[in-house]
Amino acid sequence: MDAIDRNILRELQNDGRLTNQELAQRVGLSASPCMRRVRQLELDGVIQGYRAVVDPEALGRGFEVLVSIEVRRDRETVEAFEAALQDIPDVIEAYRLFGSPGCLLRIAVADLAAYERLWIERLTALAGVTEVNSQIIMKRIKESKGLPVGG
């Protein structure tokens with residue numbers, strides 16, 4: 001990956017809706033070589049997709065919670081737990097961690113009452129869960145604008 005590829009990635013992370021012509025102009029290429037490089041980055045799996053950034057409030061999901069969960073640490077239980085998380089749309093991110101806690105979730109729901117229902121009906125009911133701790137997000141200070149692209 002050279003400097004031009006990194007510039008392409010930087011520009012697309014800032015605005016994934018750029019036309020190929022706009023992108024080419026910003027990175028100093030003509031349209032055809034720029035398109036070839038973008039396609040190659042996609043084929044190589046460097047660019048994994050494109051998506052819109054949506055306001056959580058507009059979808060009635062402005063109440064976010066970080067949840068640490070302890071799960072019994074045997075392979076079958078962990079695999080079942082991770083599979084079950086895929087079926088809970090309110091869980092918008094999930095990470096298995098080294099050490100304690102064993103899992104960290106980011107959850108987006110409408111309000112505290114919706115989170116309480118989720119906590120009672122789904123999270124604490126998952127097989128193998130031994131502890132659930134919740135941290136309500138007060139304010140988003142910094143959100144992802146993409147990965148730093150080295151130079």
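**Helix packing and sheet order**

Helices α2 and α3 are roughly perpendicular to each other. The two helices pack at an angle of about 100°, and angles of 65 to 115 degrees count as roughly perpendicular. The model is predicted. In this model, α2 covers residues 20-27 and α3 covers residues 31-43. Their axes lie 9 Å apart. On the α2 side, the contact is made by N20, Q21, L23, A24 and V27. On the α3 side, A31, C34, M35 and V38 meet them. Seven residues of this contact are nonpolar and two are polar. None is charged.

Helix α3 also packs against helix α1. Here the angle is about 80°, and the axes are 11 Å apart. That makes α1 roughly perpendicular to α3 as well. I4, D5, I8, L9 and L12 of α1 meet R37, V38 and L41 of α3. This contact has six nonpolar residues and two charged ones. It has no polar residues. V38 takes part in the contact with α2 and also in the contact with α1.

A salt bridge joins the side chains of R37 and D5, with a distance of 2.9 Å from N to O. R37 belongs to α3 and D5 to α1 (residues 3-14), so the pair ties together parts that are 32 residues apart in sequence. Side chains of opposite charge can pair when their charged atoms come close. The structure holds 13 salt bridges.

The unreviewed UniProt entry assigns residues 1-62 the annotation "domain: HTH asnC-type". This span is 53% helix and 0% strand. The C-alpha atoms at its ends lie 38 Å apart.

β1 belongs to an open sheet of four strands. The strand order is β2-β3-β1-β4, and the pairing is antiparallel. Strands of a sheet pair through backbone hydrogen bonds, either parallel or antiparallel. The edge strands are β2 (91-96) and β4 (129-136). Each of these edge strands pairs on one side only. Neighbouring strands in the sheet are turned by 20° against each other on average, direction ignored.

Strands β1 and β3 are neighbours in the strand order.

An angle over 145 degrees counts as roughly antiparallel. Helix α5, at residues 112-123, lies across β1, β3 and β4. α5 runs at about 135° to β3.

A cis peptide bond is found between S100 and P101. Its omega is about 5°. P101 sits in the loop between β2 and β3. These two strands stand next to each other in the strand order β2-β3-β1-β4.

Key:
Residues are numbered from 1 along each chain as its sequence is written. This is a predicted model: local features need pLDDT of at least 70, side-chain atom pairs count only at pLDDT 80 or more; totals for chains, interfaces and linings use all residues. Side-chain values use heavy atoms; hydrogens and water are left out. UniProt positions are given in the numbering used here, feature names are shortened, and annotations may be inferred rather than shown by experiment. Axes are lines fitted to C-alpha atoms, for helices over the stretch in contact, and angles run from 0 to 180 degrees between N-to-C directions. Angles under 35 degrees count as roughly parallel, over 145 as roughly antiparallel, 65 to 115 as roughly perpendicular and the rest as oblique. Contact means heavy atoms within 4.5 Å. Ala, Val, Leu, Ile, Met, Phe, Trp, Tyr, Cys and Pro count as nonpolar, Asp, Glu, Lys and Arg as charged, and the others, Gly among them, as polar. Two strands pair if DSSP finds at least two bridges between them. A salt bridge is a side-chain nitrogen of Lys or Arg within 4 Å of a carboxyl oxygen of Asp or Glu.
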